[in-house]
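Please look through the sequence and the structure shown here, and then follow the text from one part to the next.

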Amino acid sequence: MISLPLIVTLILGGLWFLIYWKAAEMDGQPCWLWAGLSAAVFAVTCFYFGWGWLTISLAQIALGVVIAVVRTVLEMHKKV
């Protein structure tokens, strides 16, 4: 039988996937790339390391920061 914590964790992963998909869509970026990175971060933090929902959320927030920094650096590079 599937446990409740596993169901909650999978729902959380799906929500982060959708958040990144919509954020990329609103920003005019490739949705599959951002959502794929989110799914990869989720899979690594959840299934490989076995961490809980709090760490998964922190890793997803860190992914958002990395995306923002990379986009800022690329935008600054284009202006030069």
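In which helix does Gly 13 lie? Gly 13 lies in helix α1, which covers residues 4-27. The model that places it there is a predicted one, and every value in this report was computed from that model.

**Overall layout**

The protein has three helices and zero strands, so that the elements, read from the N terminus on, run α-α-α. Along the principal axes, the C-alpha atoms fill a box of roughly 55 × 20 × 15 Å. Of the 80 residues in the protein, 24% are buried. Among contacts between residues at least 6 apart in sequence, 46% join residues that are at least 24 apart.

**Residues of helix α1**

Gly 13 counts as buried because its relative accessibility is 10%, which is under 20%. Gly 13 and Lys 78 are separated by 65 residues in sequence, and their C-alpha atoms are 34 Å apart in space.

Thr 9 also has its place in helix α1, and with a relative accessibility of 12% this residue counts as buried. The side chain of Thr 9 reaches the backbone oxygen of Pro 5 at 2.7 Å. When residues up to four places away in sequence are not counted, Thr 9 touches Phe 42, Cys 46 and Ile 56.

**Where α2 meets α3**

Helix α2 covers residues 31-48 and helix α3 covers residues 53-79; their axes come within 10 Å and cross at roughly 145°. In this crossing, which is right-handed, α2 passes α3. On the side of α2 the contact is made by Trp 34, Leu 37, Ser 38, Val 41, Phe 42, Thr 45 and Cys 46, while α3 contributes Ile 56, Ala 59, Gln 60, Leu 63, Ile 67 and Arg 71. Sorted by class, the contact of α2 with α3 has nine nonpolar, three polar and one charged residues.

Gln 60, which has its place in helix α3, is one of the residues that make this contact. Is Gln 60 buried or exposed? Gln 60 is buried, with a relative accessible area of 0%, and its side chain is joined to the side chain of Ser 38 by a polar contact of 2.9 Å. Leaving out residues up to four places away in sequence, Gln 60 touches Trp 16, Tyr 20, Ser 38, Val 41 and Phe 42.

**Aromatic pairs**

A pair of aromatic rings is described by the distance of the centres and the angle of the planes. A search of the whole structure finds four aromatic pairs, and the table describes two of them.

| Pair | Distance of centres | Angle of planes | Arrangement |
|---|---|---|---|
| Phe 42 and Phe 47 | 5.8 Å | 90° | edge-to-face |
| Tyr 48 and Phe 49 | 5.2 Å | 70° | edge-to-face |

Why is the pair of Phe 42 and Phe 47 edge-to-face? The planes of the two rings stand at 90°, and because an angle over 60 degrees counts as edge-to-face, the pair is given that name. Phe 42 is buried, with a relative accessible area of 9%, whereas Phe 47 is exposed, with a relative accessible area of 52%.

In the pair of Tyr 48 and Phe 49, the planes are at 70°, so this pair is edge-to-face. Tyr 48 counts as exposed at 67% relative accessibility, while Phe 49 is partly exposed, with a relative accessible area of 44%.

How values were computed
Residues numbered from 1 in each chain as written. Heavy atoms only, no water. Phe/Tyr/Trp six-rings, centres within 6.5 Å; stacked < 30°, edge-to-face > 60°. Buried < 20%, exposed > 50% of the residue type's maximum accessible area, 1.4 Å probe, protein only. Axes fitted to C-alpha atoms, helices over the stretch in contact; angles between N-to-C directions. Helix = DSSP H or I, 4+ residues; strand = E, 2+ residues; numbered from the N terminus. Left-handed = near helix turned anticlockwise from the far one by under 90°. Contact = heavy atoms within 4.5 Å. Nonpolar A, V, L, I, M, F, W, Y, C, P; charged D, E, K, R; others polar. Polar contact = N/O pair within 3.5 Å; in protein donor to acceptor, adjacent residues only side chain to side chain.
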